[in-house]
Amino acid sequence: MILVVFLYMVCASMFTISKWALAYTQPLFFVAVRMLAAGLLLNAYCLLKNPRLLEHKISYYIKRDWLLFAQVILFHIYLTYVCDACALKDISSIESAFLYNLSPFIAALFSYMAFSEKMTPKKWLGLSLGFFSLIPSFIHEAYQGILLQSLTPKLITFGAVVFSAYGWVVVRKLVKERDYSSIFVNGVGMFFGGLLALVTSGCVECWDPFPVSHWIPFIQATILIVVVANLIFYNLYGYLLKKYTATFLSFAGFMCPVFAALLGWLFLGERIPGSLLVSFLFVLSGLYIFYQEELRQGYIESK
C-alpha cells in the first residue's frame, strides 16, 4: 500500500511540472518531446536487458496483438496527453488533478465491458456520486460568470480522463492476459504516440524555428517530467496493475488532488476554490462505496 501512496505523490507532481513546462512551450511539442525521449529510454532498457526480446515482441504483436498496441498508442498516450496538455494551458493544475479523480468511474465502465467485472447497485451509486461531483464547481463558476470560459478546457480534460481510463484497461489486458512487460508496452506506446504528437505539432503549431520560448526551463521541466511521469509513474502503475485492479488503483487516486493542491499552492501560487473541496467530498464518498464493493466481490484483497 505504501507504493500506492507513493504512486500518487508522483502523480500529483506531474500536473505541477507540466504546468511549469507549458509556460515555455506549445502543448503538442511538449508532449512529443517527453514521449519520444521516454519511449527511447524504455525501449533501450528492454533491448539492453535482453537483446533478442525486443525483436521477438515486435514480431509477436504484429502477428497477434497489433490492434491492442495501436489502441495503447492512440488512447493511452496520444489522445490522453494531447488533450491534457492543451487544456492545462487554461485551467489550474489543481482543477486538472481533480478531474482525473473521475478515472475510476470511467475505468469501472470499461472494466465491466472488457473483464466482466460485475456492477452492483452500490457501485452504480458510487458512480453517480462521482459524476455529481462536477456540479458544485459548475454552479460556482456560473455564479461568477466564468462557466463558459472554463467549460471548454474542462471538457477537453474530461476527454483525456476517458482516453486514459480506456488506455489503462488495454495496458492491463496486454500485461496481465498477454504477459507483456509493462516497460515494453509503455515504451512502444510512448515512442509512437510521441511521433504522432510531433507530426501534429508540425501541422498546427508555429515553428520559428521551434515552438519554445525559453530553452533552459523547458529542458529542465522536460527532463523532470520524463523521469517522474514516464519512467517512474507509468512503470510503477503497470507493475501495480498485476496486483490490483485498474479500478482500485484509480480509487486510490483520490490522494492525487490533495498532493496537487499542496504543490500548486507552494510552487505555482494557485488557490484552492471552495467548490472544489465540496466536489472532492462527493468523489471521496463515491470512491469509498465503490472500493467496499470491490473488496466484498473479491476483485481486490484486503491487506
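This is a predicted model: local features need pLDDT of at least 70, side-chain atom pairs count only at pLDDT 80 or more; totals for chains, interfaces and linings use all residues.

Reader: Leaving out residues up to four places away in sequence, which residues does Gln71 touch?

Author: Residues are numbered from 1 along each chain as its sequence is written, and side-chain values use heavy atoms, with hydrogens and water left out. Contact means heavy atoms within 4.5 Å. On that basis, Gln71 touches His76, Tyr166 and Val170.

Reader: Is Gln71 buried or exposed?

Author: Gln71 sits in helix H3, residues 53–88; helices (H or I, at least four residues) and strands (E, at least two) are DSSP runs, numbered from the N terminus. Buried means under 20% relative accessible area, exposed over 50%, and partly exposed in between (1.4 Å probe, protein chains only). Gln71 has a relative accessibility of 16%, so it counts as buried.

Reader: What about Thr16, which residues is it in contact with beyond its neighbours within four places in sequence?

Author: You'll find Thr16 in helix H1, residues 2–21. Thr16 is buried because its relative accessible area is 8%. Its contacts, leaving those neighbours aside, are Ser93, Leu263, Gly264, Phe267 and Leu268.

Reader: How many helices does the chain have?

Author: Along the sequence the pattern reads α-α-α-α-α-α-α-α-α-α-α-α-α. There are zero strands, and the number of helices is 13.

Reader: Which of the chain's elements has the highest mean pLDDT?

Author: pLDDT is the predictor's confidence in each residue, from 0 to 100. The chain averages 80, and 81% of the residues score at least 70. Helix H7 (residues 134–144) has the lowest mean, 65, while the highest, 92, belongs to helix H9 (residues 182–204).

Reader: How many charged residues are in the contact of H9 with H10?

Author: Ser182, Ile183, Asn186 and Met190 in H9 meet Asn230, Tyr234, Asn235, Gly238 and Tyr239 in H10. Ala, Val, Leu, Ile, Met, Phe, Trp, Tyr, Cys and Pro count as nonpolar, Asp, Glu, Lys and Arg as charged, and the others, Gly among them, as polar. By class that gives four nonpolar residues, five polar and, for charged, none.

Reader: And how many nonpolar residues are in the contact of H2 with H10?

Author: The axes of helix H2 (residues 27–49) and H10 come within 9 Å and cross at roughly 55°, so H2 and H10 are oblique to each other. Among the contact residues are Phe29, Phe30 and Val33 of H2, and Phe218, Thr222 and Ile225 of H10. Three residues of this contact are polar, one is charged, and the nonpolar ones number 13.

Reader: Last one: which residues does the cis peptide bond join?

Author: Look at the loop between H9 and H10, where Pro209 is found. Omega is about -5° for this cis bond, and the residues joined are Asp208 and Pro209.

Note on methods. Axes are lines fitted to C-alpha atoms, for helices over the stretch in contact, and angles run from 0 to 180 degrees between N-to-C directions. Angles under 35 degrees count as roughly parallel, over 145 as roughly antiparallel, 65 to 115 as roughly perpendicular and the rest as oblique.
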